[in-house]
Amino acid sequence: LVPPGSTIKPLTVLVGLQEGLITPNTTYYDDGWFTFGRDGRISNSGGYPNGNIDPSDAIAVSSNTFMAELIGNALFMREFEAGKPSEQIVDIWDSYMVQFGLGVSTESGLPMETKGVKDYDDLDAMGSAQASLVYSSFGQGAKYTTLQLAQYVTMLANRGKRMKPQFVDRIVDPNNNVVEDPEPVVLNE
């Protein structure tokens with residue numbers, strides 16, 4: 001199991017767009033650091049400032065601060081101010097991860113497949129719902145299998161279709177006769 005790290009950032013931007021937290025034209029001044037809560041502080045790699053960026057730039061330069069402040073923290077603050085309990089706030093994030101096949105079975109049929117670990121669900125370990133969403137927004141709130149990450153990235157590439165992993169093109173018998181010719185299966189869109 002591995003943290004998704006920056007591979008999650010395109011999905012984080014999609015969450016921000018879908019939840020109305022950002023638009024494609026949102027601009028953000030990235031000074032390299034973001035503080036939240038009483039003593040939370042995150043940075044870009046090496047504390048590097050990226051200046052004025054939009055969502056597309058934020059993905060391209062891998063801005064932790066953009067993801068954390070404009071999406072993870074903004075989602076928390078909006079829901080917290082609306083009076084939602086912490087668990088329900090984190091459930092919003094989780095619903096998107098699940099739709100993209102993260103934290104659930106890939107339906108591969110492989111033996112002993114794991115669903116990964118949703119660290120963001122453990123609010124005590126994460127410190128708070130706010131910290132959970134901030135850290136998750138740039139890929140530090142869960143651990144997934146490489147197959148889950150491949151399935152997720154494929155879903156981004158094919159515009160939202162989560163496909164059942166298919167490991168063979170066809171199955172043949174010793175005489176090269178086709179025994180099975182599996183068809184692609186869409187798990188969800």
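Leu 110 lies in the loop that runs between helix 4 and helix 5. The model is a predicted one.

**Leu 110 and the surface patch**
- Leu 110 has a relative accessibility of 41%, so this residue counts as partly exposed, the class between under 20% and over 50%.
- Together with Phe 167, Val 168, Ile 171 and Val 179, Leu 110 makes a nonpolar surface patch of about 450 Å².

**Helix 4**
- Helix 4 consists of 14 residues, and its first and last C-alpha atoms are 21 Å apart, close to the 20 Å expected at 1.5 Å a residue.
- A bend of about 25 degrees occurs in helix 4 at Ile 92, and Ile 92 is also among the buried residues of this helix.
- Helix 1, helix 3, helix 5 (123-126) and helix 6 are the elements against which the buried residues of helix 4 pack.

**Helix 1**
- Helix 1 covers residues 9-18, and its buried residues are Lys 9, Leu 11, Thr 12, Val 13, Val 15 and Gly 16.
- These buried residues pack against helix 2 (55-60), helix 3 (64-81), helix 4 (86-99), helix 6 (129-137) and helix 7 (146-157).
- Gly 20 follows helix 1 and has a positive phi, near 75 degrees.

Methods: Residues are numbered from 1 along each chain as its sequence is written. This is a predicted model: local features need pLDDT of at least 70, side-chain atom pairs count only at pLDDT 80 or more; totals for chains, interfaces and linings use all residues. Side-chain values use heavy atoms; hydrogens and water are left out. Buried means under 20% relative accessible area, exposed over 50%, partly exposed in between (1.4 Å probe, protein chains only). Helices (H or I, at least four residues) and strands (E, at least two) are DSSP runs, numbered from the N terminus. Contact means heavy atoms within 4.5 Å. The expected span of a helix is 1.5 Å times one less than its number of residues. The bend at a residue is the angle between axes fitted to the seven residues ending there and the seven starting there. Patches are made of residues with over 30% relative accessible area and no salt bridge: like charges are joined within 9 Å, nonpolar side chains (Val, Leu, Ile, Met, Phe, Trp, Tyr) within 5 Å. Accessible areas come from the Shrake-Rupley method with a 1.4 Å probe; for residues, only the protein chains shown count as cover. A salt bridge is a side-chain nitrogen of Lys or Arg within 4 Å of a carboxyl oxygen of Asp or Glu.
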